[in-house]
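Please look at the structure below before reading on.

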Amino acid sequence: MAPGVDLLGGVIAYVVCSLGGVAAVKALNYHFCFASWAILALLSRCTWVFAAPLHAGLVRRAGVPGWPTAKQLGLYALIAVGLSVVELLNAVSMTVLPGSLYALLKGTDVGWSMVLSRAVLGKKYTGAQVAAAGVIMAGVAAVFVGGAPPTASRHAQAAAEAAKAARIGPAGASGLCVLAAFANALLAVVTEATLKRTLKEEEAKAVAAAGASGAAPSKLLLSNAYAMWTSAMAFVMLLAGAVLSGLIWEAEAPDAACDAGSVSGNSARADGGVETSSGAPPGVWAAFVTVLALVAFTRFAERLAKHWICVRDSALTFSLVQAGRRLAAVFVLAAVFRESLPLSMVLGALVAGTGFILHWNAGRIVQSPSYDRLSPSASSDAAAASDGSTGGDTSEMAFGEEPSQPAPYL
């Protein structure tokens, strides 16, 4: 294999899976009028189904304990509570908003991450990094000033169903999306500040107590175990909430006529919604179930691709790939689903995309040897830039993006 081909494969896999996770959710919205955000939140936490077999193989190969200690389980449970809250916020906003707008608003996590890292962890950032975050926020603010993009006529039925199911309109969903970005950044920072060292120490104790010999567990084993346990616990919490609230039983059957953007083949309800047909053909059900599975699988595959890029090259390379993917997501999703893309969205996306690139470049400069020689505070700045953080997008929780993992577990 030619040098760099495997890295290129990892980059392509990350971009495809990251965009694919968002696209799968919007396909469920637009093509099947499926707007059950409770089910979508559960699916996003189903990555443990794929992580469990990988965990078993990695544990067998490394010869280390496969079960966490009681203290580790307690820490995982605390993290899972935060993941559940963020997942719900993301699921609601994702079902109501166009995919392109959702992708753009999620970019605010970069600014939130810097503010919270400074306040909670005392991290220092260069003027260039702060300016880059400001440019990103300005791009998102331009979208709010311009207002939510109008709903395309072909998506009218899907939008109506989503708003009714979530009991919130596009403006409120936009606020929830920004709140989810803030909560995700807060969870990442709090986890790093209070839990990551304890988790690492507990892992070392467990290995020592079991008398395991040889090298320490691989980063992939630690990362996969962290994602598996936190996702499984968050899944149980979300499932319990969905069952107790009755939301899990409110999901409607897929509507084969949803693509038409009209109420053809369905009957109008008194509350203004649309009564979908319960007799979807087997082919529609097969496609529907396949897309549901892709919501979970793309999340898992995205995390593996992210890990591969960081291990094969560096976290800085991943941050560049991520910056490009953030910018591309707005236009790719709008084109694929033929979503409305007003001038305010185009300008906001371009400004925010410029900010993402500037943010990556600022991190690259901080890590360069020349910066180390010139800046008296370079060691602390470089540590902040290379601690595994990628500008707030360190979580495994957002649709199309994999949630909050502390640096040792990346």
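How many disulfides does a search of the whole structure find? The search finds zero disulfides, where a disulfide is a pair of cysteine sulfur atoms within 2.5 Å. In general, such a link is a covalent bond between the sulfur atoms of two cysteines.

This is a predicted model, in which local features need pLDDT of at least 70, side-chain atom pairs count only at pLDDT 80 or more, and totals for chains, interfaces and linings use all residues. Residues are numbered from 1 along each chain as its sequence is written, and side-chain values use heavy atoms, with hydrogens and water left out.

Buried means under 20% relative accessible area, exposed over 50%, and partly exposed in between (1.4 Å probe, protein chains only).

| Residue | Relative accessibility | Class |
|---|---|---|
| Cysteine 17 | 13% | buried |
| Cysteine 177 | 0% | buried |
| Isoleucine 365 | 39% | partly exposed |

Isoleucine 365 lies in helix α14 (residues 343-367); helices are DSSP runs of H or I with at least four residues, numbered from the N terminus.

Next comes the helix pair. The axes of α3 (residues 47-62) and α11 (residues 219-245) come within 9 Å and cross at roughly 145°. Axes are lines fitted to C-alpha atoms over the stretch in contact, and angles run from 0 to 180 degrees between N-to-C directions. Contact means heavy atoms within 4.5 Å; the residues making it include Trp48 and Leu58 of α3 and Met228 and Phe235 of α11.

Conventions
Helices (H or I, at least four residues) and strands (E, at least two) are DSSP runs, numbered from the N terminus.
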